[in-house]
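Welcome! Here is a friendly walk through one protein model, from its overall layout to a few of its residues. Keep the picture open as you read.

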Amino acid sequence: MERHAGEDFSVVVLASDLGVDARSFLSPAERRARVAEDAAAEAPEEWHDCSEEDFSDLIALQVLRFEGLDKSGNRILRIVGKYFPATVIAGERLKRYVLHKLTAELPDGPFCILYMHTTVQKEDNNPGMSILRWIYEELPVEYKERLQVVYFLHPGLRSRLAIATLGRLFLSGDIYWKIKYVSRLQYLWEDIKKGQVEIPEFVQRHDEVLEHRPLTDYGIEPDPLHLTGVPSMECSFGRYEDKWPSREYM
């Protein structure tokens with residue numbers, strides 16, 4: 001290209017290892033386009049966009065289900081721990097399913113969780129405290145703020161001790177202080193009216209056992225001669241009683 005006399009001409013040579021940002025040599029339009037591309041590349045993954053994913057297998061298990069209201073007007077998310085197949089579902093898919101339920105079915109306003117820990121077996125039904133914390137931490141802030149209380153029905157001695165000792169480390173402070181232990185159904189009715197939530201039959205049966213043997217909450221058998229005629233705690237309750245061997249409950 002022909003150059004006129006008197007024009008300034010300079011050459012800039014950059015070493016390949018200096019790490020100089022080349023965007024300063026771009027035109028304003030090219031610079032804006034490059035900034036937009038970088039911002040899109042750094043944006044966090046929208047993992048909660050799972051509206052097209054098939055959760056029919058989990059829906060059929062009825063692990064999570066929205067039902068009525070508690071006495072404070074909070075929508076109830078019922079979670080039945082015994083129905084949860086912890087051995088065959090990955091934590092990532094569980095996380096997507098939880099958010100799918102919240103975004104698809106939870107109406108505006110506050111909500112609460114009724115978690116039924118009744119006869120949960122740690123080998124088959126317990127996803128682990130670290131996974132639960134991971135799921136909760138990944139939830140959008142609006143859902144964390146709308147969650148008012150977690151009713152923990154039929155907590156075993158081990159679960160109480162685990163939450164008391166490790167809960168402050170593995171659970172966020174805001175959810176740790178929202179947990180309310182409920183040892184019997186009669187105490188649950190103080191916060192939730194009867195008829196607002198469906199109680200599975202095995203939960204009612206287990207509650208009756210606890211009424212006859214209150215010390216079984218603490219792993220103590222107060223009736224060694226079985227005079228009450230009620231099956232011992234080593235029996236499995238619920239819909240899997242003919243399939244699962246007897247195991248120690250948490």
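## A look around the model

Buried residues make up 39% of the 250 residues in this protein, and the model you are viewing is a predicted one. The chain folds into 9 helices and 5 strands. Read from the N terminus, the elements follow the order α-α-β-β-α-β-α-α-β-α-α-β-α-α. Among contacts between residues at least 6 apart in sequence, 73% join residues at least 24 apart.

## A hairpin to start with

Let's begin with two strands. Strand 1 (residues 64–69) pairs with strand 2 (residues 75–80) in the antiparallel sense, over 4 bridges. Together, strand 1 and strand 2 make a hairpin with 5 residues between them. In the turn sits Gly73, whose phi is positive, about 85°. Across the pair, Leu64 stands opposite Ile79 in strand 2.

Now pick out Leu77, which also belongs to strand 2. Is Leu77 buried or exposed? Leu77 counts as buried because its relative accessible area is 6%, and the cut-off for buried is under 20%. Setting aside neighbours within four places in sequence, Leu77 is in contact with Leu64, Arg65, Phe66, Cys112, Ile113 and Leu114.

## Apart in sequence, together in space

Two pairs of residues show how a chain can bring separate stretches together. Here are their C-alpha to C-alpha distances.

| Pair | Apart in sequence | Apart in space |
|---|---|---|
| Leu77 and Ile113 | 36 residues | 4.7 Å |
| Ala86 and Lys122 | 36 residues | 8.9 Å |

Ala86 can be found in the loop between strand 2 and helix 3 (91–105). Which residues does Ala86 contact, leaving aside neighbours within four places in sequence? The partners are Asp124, Asn125, Asn126 and Pro127.

## Inside the protein

In soluble globular proteins, nonpolar side chains tend to be buried together. The largest nonpolar core of this model has 48 residues. Leu102, Ile113, Leu114, Tyr151, Leu188 and Ile199 touch the most other members of that core. Take Leu102 as an example: not counting residues up to four places away in sequence, Leu102 touches Phe66, Phe111, Leu139 and Tyr143.

The structure holds 1 cavity of 30 Å³ or more, and the largest cavity has about 30 Å³ of space. Leu58, Val63, Leu64, Phe84, Pro85, Ile89, Leu94 and Tyr97 line the largest cavity. Its lining divides into 8 nonpolar residues, no polar and no charged ones.

## Two residues with a positive phi

Most residues other than glycine have a negative phi. With that in mind, look at Thr119, which is not a glycine and yet has a positive phi of about 50°. Thr119 lies in the loop between strand 3 (111–116) and helix 4 (129–138). Thr119 is buried, with a relative accessible area of 4%.

What is the phi of His154? The value is near 55°, positive in a residue other than glycine. His154 is in the loop between strand 4 (147–153) and helix 6 (157–170). Why does His154 count as buried? The relative accessible area of His154 is 6%, and buried means under 20%.

Terms used
Residues are numbered from 1 along each chain as its sequence is written. This is a predicted model: local features need pLDDT of at least 70, side-chain atom pairs count only at pLDDT 80 or more; totals for chains, interfaces and linings use all residues. Side-chain values use heavy atoms; hydrogens and water are left out. On a 1 Å grid over the protein atoms alone, a cavity is a set of points where a 1.4 Å probe fits but cannot get out, and a pocket is an open set with protein on both sides within 12 Å along at least five of seven lines; lining residues have an atom within 4 Å of a point. Grid points are joined across faces, edges and corners, and a volume is the space filled by probe spheres set on the points. Ala, Val, Leu, Ile, Met, Phe, Trp, Tyr, Cys and Pro count as nonpolar, Asp, Glu, Lys and Arg as charged, and the others, Gly among them, as polar. Two strands pair if DSSP finds at least two bridges between them. Contact means heavy atoms within 4.5 Å. A nonpolar core is a set of buried Ala, Val, Leu, Ile, Met, Phe, Trp, Tyr and Cys residues joined through side-chain atoms within 4.5 Å. Buried means under 20% relative accessible area, exposed over 50%, partly exposed in between (1.4 Å probe, protein chains only).
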